[in-house]
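Dear colleague,

Please find below the sequence and structure that I am handing over to you. My notes on what was found follow directly after.

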Amino acid sequence: MKNRKALTNMLFLLPSLSGVLFFYMAPFADVIKRSFCDDMCRQFVGIENYARLFQSRSFLLAGKNTLFFILCSTPLLLALSLFFAVLLTFTNDRQAAPPACPLCYLLPLAIPVAALTGIWNVFFDKYGLLNALLDHLGIAKTDWLHSEASMLLVIATYLWRNLGYTIILWLAGLSGIDKRLYEAAALDGAGQKKQFFYITLPLLKPLGFTVSVLAVLNSFKVFRDIYLILGDYPNKSLYMIQHLLNNWFTNMQFGKVTAAALVILLAAGWLVLCLQICFSMQKRRDYYG
Amino acid sequence: MDKKLRKIVLLFPAFLVLLPLFLIFINSFMDPDEAFLTYNGVLGGKRFSSFVLMPANPSLIPFADLLLYCRSFYTMFWNSAAYTALITAGLLLAAVPTAWAFAKLYFPLKKIIFVIYMVFMMLPFQVTMLSNYFMLDRTGLLHTRWAFILPCIFSTFPVFIMTRFFSDLPDEWIEAARIDGAGSLQLLWHIGIPAGKPGIAAVTVLMLLETWNTVEQPLFFLKDPSLFPLSLFFPALTADNFGSSFAAAIVMLLPPVLVFLCGRQELEAGIGHLGIEK
């Protein structure tokens, strides 16, 4: 009886799972197989692709850049958005948060990348608006688009796009915290700083999982912006793992590309597990049912 | 912190969001000569650009150029509209029952399947592209419209988000309905969908915006420019096409901004809901 029920329940999975199996999971078996074969998939070559991968200087460079970007930008996003959310929540008079604010906070989600390429050029070109401003202030110009500094530009773009809705996420979490906790803590003589570290942060921890997953997810999406604004071969410091895979793929180097895909899949799996362990210290109702 | 300072700090992100949009708007009314004077360095000259609040001679020529003489823009616009509608509809059909099953139904290997969904969601496009590519190639769908549409429909992200919504519905409702003899499908139809409406609305808005902005799938899976969506329209800036590039940006961001303004409350409530842990 229970088995029959489980079987009918599985039917609900069918619409999505069949597609995911067909387009994502099953062909991944092909990816794994190809990672142990030569580029044309004629011959089994063992772990040669993996050896070549880890010796490839471009792979190491791209891996390093991507990790650097994720490690810089996601904590920065989490911290900044939490800062603004706390400020918004604990600003007592409501007028300090104009009603138009949430609107502009979420607006960047709606702006297509292609619509931004032009204006980003106008701002960040060697002779663009930002450098014009800096020139007024007596600071020498920087080539934001095509030098090491472009990493800053990309981090800024990532923050620009994602800050708003991360703030909204934290705001919701903060609104769920019982105000009486703060009152009680204040009575016991805890200052604002203590209240933040001993009440706010621990209670926001479970939410941290969702926020971090989304932050990492969106950090991969920043590639779209880089790609449309800066093209196939940006400055060396911005050469991301996505560029590398694109270029290998276009050059039909399937052996290396598939090996890299498998390595990244394992890394993503490991990351999901880490985040889950890291944020599930507190026992909570788990949502798998 | 001082009240005024707080206000300024809080308004700062809003300013940063609105400034580029304002400039896109302004620039779309600029004729080539003025563009070359104002943004000299950007357009190949050697002088710094200057910030203007209004073009000296605002003109509609950029819009006329774009809308009257650029046929590919039309094709791409309507392609985008069709892709966005089809993909969003398709992914809702696929994701709603699946998310419901993950959230409220029992079946074996649930946890593992869900974690696999999450891992696939986290992967950058370039990794899943390989699986997509091999399958599309094998089935002969590559370089057709379906090469873009089908992989997007089966993206695992909406399932993840919707599962969060459904799992927050109280189990008691479901048990009560079951005792009254409701089957799984009736449960979804009479409880899941009505009660999960805010979540479904939020995902719909989010995916409409996301799909309109899809770059990588069409870039790699389509070949024929007549099938391209608007998200691939980004001409290099020159003095001649300066105004019309920004006019294109305006037309490009109008539909998503309208969707956003109509669905703002759903989106805000939906994203906010994700932030409330039970």
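In these notes, two residues are in contact if their C-beta atoms, placed from the backbone, lie within 7 Å. On that basis, the contact between the two chains draws 90 residues from chain A and 94 residues from chain B. On the side of chain B that touches chain A, helix α1 (residues 3-27) of chain B gives the most, with 13 residues; helices (H or I, at least four residues) and strands (E, at least two) are DSSP runs, numbered from the N terminus. By class, this side of chain B has 62 nonpolar, 19 polar and 13 charged residues. Here Ala, Val, Leu, Ile, Met, Phe, Trp, Tyr, Cys and Pro count as nonpolar, Asp, Glu, Lys and Arg as charged, and the others, Gly among them, as polar.

This is a predicted model, in which local features need pLDDT of at least 70 and side-chain atom pairs count only at pLDDT 80 or more, while totals for chains, interfaces and linings use all residues. Residues are numbered from 1 along each chain as its sequence is written, and chains are lettered from A and ligands numbered from 1 in the order in which they are written.

Confidence

The predictor gives the complex an ipTM of 0.84 and a pTM of 0.86. For chain B the mean pLDDT (the predictor's confidence in each residue, from 0 to 100) is 86, and 98% of its residues reach 70 or more. Within chain B, confidence is highest in helix α7 (residues 145-153), at a mean of 94, and lowest in helix α14 (residues 264-274), at 79.

Chain A

Chain A has 11 helices and 0 strands. Its C-alpha atoms fill a box of roughly 75 × 75 × 30 Å, taken along the principal axes. Of its 289 residues, 39% count as buried; a residue is buried if 20 or more other C-beta atoms lie within 10 Å of its own, exposed if 12 or fewer, and partly exposed in between, with C-beta atoms placed from the backbone. Among contacts in chain A between residues at least 6 apart in sequence, 73% join residues at least 24 apart.

A:Y24 lies in helix α1 (residues 2-35) of chain A and is buried, with 21 other C-beta atoms within 10 Å. Leaving aside residues up to four places away in sequence, A:Y24 touches B:F120, B:T128, B:S131 and B:F154. From A:Y24 to A:I168 the separation is 144 residues in sequence and 32 Å in space, C-alpha to C-alpha.

Backbone points to check

Most residues other than glycine have a negative phi. A:M252, however, has a positive phi near 60°; this residue sits in the loop between α10 (241-250) and α11 (254-279) of chain A and is exposed, with 10 other C-beta atoms within 10 Å. B:L109 has a positive phi near 65°; B:L109 lies in the loop between α4 and α5 (110-122) of chain B and counts as exposed, with 10 C-beta neighbours inside 10 Å.

With kind regards
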